[in-house]
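Here is a friendly walk through a protein model, written for someone who likes cut-offs stated plainly. Have the viewer ready, and we will begin with a single residue before moving out to the whole chain.

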Amino acid sequence: MEYYHEGQIMSEANYSAGELNGVFVSYFRNGVVRSKGQFANDQSVGHWEYRYSNNQLKEEGDFKAGYRIGLWKTYAENGKLSEETNYGETGKKVGVYKEYDLDENLLLELTYKGEEIISFKTYDATGKVLSEGEKKRKELEFERRFTNGVIQAKGNYYNGHRVGTWSFYNQYGI
């Protein structure tokens, strides 16, 4: 066990031959569980949960051989779903990433292939598509809009990375 200097438990872990093995739990100073999962041969495995200091679930998903795999969900402090991310066997993003507002309305979808974004869609709170695009050759012209239709961000991705000039605006277009 590790302890904060005030005496509260910081984490509990099991070691075997110098490597983390078994249940791992870390805590906030207030005693609430920060993270909980398993280790095997010093690598994260199985289901993991991460929490806010108010004990609200922050993030959850599975690990295999130290890599995030499958569907991971992220939550806002109010408990509402804020993101869904899919990971392949090697821990790279695959499939569709989704981002939600504080009322769990879908705002953004990014489609990944080979860790590159190949398409996107942005939505308003009613589900209306505000902007969308697909990769052409190796470049994706990206444009994200606020729910009022004003452009929030605009730029290009090339081979999965931001390139060139990106512009960012507030909800008034400034």
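## A serine and its strand

Leaving aside residues up to four places away in sequence, Ser11 touches Met1, Glu2, Phe24, Val25, Ser26 and Tyr27; contact here means heavy atoms within 4.5 Å. This is a predicted model, in which local features need pLDDT of at least 70 and side-chain atom pairs count only at pLDDT 80 or more, while totals for chains, interfaces and linings use all residues. Residues are numbered from 1 along each chain as its sequence is written, and side-chain values use heavy atoms, with hydrogens and water left out.

Ser11 sits in strand S2. Helices (H or I, at least four residues) and strands (E, at least two) are DSSP runs, numbered from the N terminus. Strand S2 (residues 9-12) pairs with strand S5 (residues 22-27) in the antiparallel sense, over two bridges; DSSP must find at least two bridges between two strands for them to pair. Within S5, Ser26 is the bridge partner of Ser11.

Gly18 lies in the loop between strand S3 (15-16) and strand S4 (19-20). The table sets both residues side by side; buried means under 20% relative accessible area, exposed over 50%, and partly exposed in between (1.4 Å probe, protein chains only).

| Residue | Relative accessible area | Class |
|---|---|---|
| Ser11 | 5% | buried |
| Gly18 | 64% | exposed |

## The sheet and the whole chain

The protein has 17 strands and zero helices. Its radius of gyration is 20 Å, well over the 16 Å that the globule rule gives for 174 residues, so the protein is more spread out than a compact globule. That radius is taken over C-alpha atoms, and the rule is 2.2 Å times the number of residues to the power 0.38. Along its principal axes, the C-alpha trace spans about 50 × 35 × 25 Å.

An open sheet of 12 strands runs in the order S1-S2-S5-S6-S7-S8-S9-S10-S11-S12-S13-S14, with antiparallel pairing. Strand S1 (2-3) and strand S14 (129-134) stand at the edges with a single partner strand each, so one side of each is left without a neighbour in the sheet.

Of the 174 residues, 33% count as buried. Among contacts with a separation of 6 or more, 8% come from residues 24 or more positions apart.
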